[in-house]
Amino acid sequence: TSHIPVITIDGPTASGKGTVSHLVAEKLGFHYLDSGALYRLTALSALRKGTDLHDEHALAKLARDLPVSFKGEHIFLGADDVSAAIRAEEVGNSASKIAALPAVRQALYGLQLDFRKAPGLVADGRDMGTVIFPNAPLKVFLTASVEARADRRYKQLIGKGFSANMDDLLKDLRERDERDANRKIAPLKPAEGAYVLDTSNMTVDEAVAQVLGWYAALKKQHVV
Ligand code: CDP
Ligand code: CDP
């Protein structure tokens, strides 16, 4: 499968990875991997079962046996549609804690590789370009100021009917940035050769156009 093109889009929380990746995948007719959802599913599963968030062995087992299925835009854990539940801030925060555990990352490794299918894949997360698909022909590091990201997350949460508080969100994002960037395993950083795109003052459409532009340039050079 190493000849199947992959576009990796990594970056901090609420930088727009999901939104941009989804649209780029749609435009190119590629598959889409939301790797963060896998960490969120593991966290949700642990929260529901009352698993200790420090119990690396138990969490890795949960991750390995995740009864997950993707149906269109919907994500199921067993028969349960958890598409909305995994987006709660508490779940994201717990996901970021368990994502620092090597055995959990190892348990989710193979599952992520399986998403590389013809005609191509757009993969979003923290370590898509650095660890999971290091030979991807196009790697993007999407970022934005913490204020812009908190503002985006606020609007998203309110729109989905969750309650949100701007001060708490800023604190939460800073904590999560810190944890994701400083962990020992697969820390958040631009992959070698990644294009860095700061979208603080960009619209979604502008960001999507930039990524598609980079991809088109690679095609022209016959790199993909
Ligand atoms: O949407 P948001 O960026 O807040 O989070 P997400 O992409 O859904 O990921 C949730 C958490 O999972 C992040 O805070 C990361 O700690 C972790 N994660 C990771 O470690 N590696 C990935 N490839 C994706 C997510
Ligand atoms: O996946 P990640 O956590 O990086 O971000 P997301 O879930 O895609 O959320 C980003 C939010 O910011 C969405 O509601 C987008 O509409 C909005 N947004 C963006 O993604 N990019 C911009 N340049 C401007 C706004």
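Let me start with a pair of helices: α2 passes α5 in a right-handed crossing. Handedness here follows the near helix, which is turned clockwise from the far one by less than a right angle if the crossing is right-handed, and anticlockwise if left-handed. Helices are DSSP runs of H or I with at least four residues, strands are runs of E with at least two, and both are numbered from the N terminus.

Before more detail, the conventions. This is a predicted model, where local features need pLDDT of at least 70 and side-chain atom pairs count only at pLDDT 80 or more, while totals for chains, interfaces and linings use all residues. Residues are numbered from 1 along each chain as its sequence is written, chains are lettered from A and ligands numbered from 1 in the order in which they are written, and side-chain values use heavy atoms, with hydrogens and water left out.

Back to the pair. α2 covers residues 35-49 and α5 residues 102-113; their axes come within 11 Å and cross at roughly 135°. Axes are lines fitted to C-alpha atoms, for helices over the stretch in contact, and angles run from 0 to 180 degrees between N-to-C directions. The two helices are therefore oblique to each other; the scale is under 35 degrees for roughly parallel, over 145 for roughly antiparallel, 65 to 115 for roughly perpendicular, and oblique for the rest.

Which residues of α2 and α5 meet? From α2 they are Ser 35, Leu 38, Tyr 39 and Thr 42, and from α5 Val 104, Arg 105, Leu 108, Leu 111 and Gln 112. Contact means heavy atoms within 4.5 Å. By class, this contact has five nonpolar residues, three polar and one charged. Nonpolar covers Ala, Val, Leu, Ile, Met, Phe, Trp, Tyr, Cys and Pro, charged covers Asp, Glu, Lys and Arg, and the others, Gly among them, are polar.

α2 also packs on α4: those axes come within 8 Å and cross at roughly 105°. That makes α2 roughly perpendicular to α4. On the α2 side the contact uses Tyr 39, Arg 40, Thr 42, Ala 43, Leu 44 and Leu 47; on the α4 side it uses Glu 90, Val 91, Gly 92, Ser 94, Ala 95 and Ile 98. Seven of the residues in this contact are nonpolar, three polar and two charged.

Two backbone points from the loops. The peptide bond from Ala 118 to Pro 119 is cis, with omega near 5°, and Pro 119 is in the loop between α5 and β6. Ala 14, in the loop between β1 and α1, has a positive phi of about 65° although it is not a glycine.

On a 1 Å grid over the protein atoms alone, a cavity is a set of points where a 1.4 Å probe fits but cannot get out, a pocket is an open set with protein on both sides within 12 Å along at least five of seven lines, and lining residues have an atom within 4 Å of a point. There is one cavity of 30 Å³ or more. β7 gives the largest share of its lining, three residues, and the lining divides into five nonpolar, two polar and three charged.

The second largest pocket holds about 170 Å³, a volume being the space filled by probe spheres set on grid points joined across faces, edges and corners. α8 supplies the largest share of the lining of this pocket, three residues.
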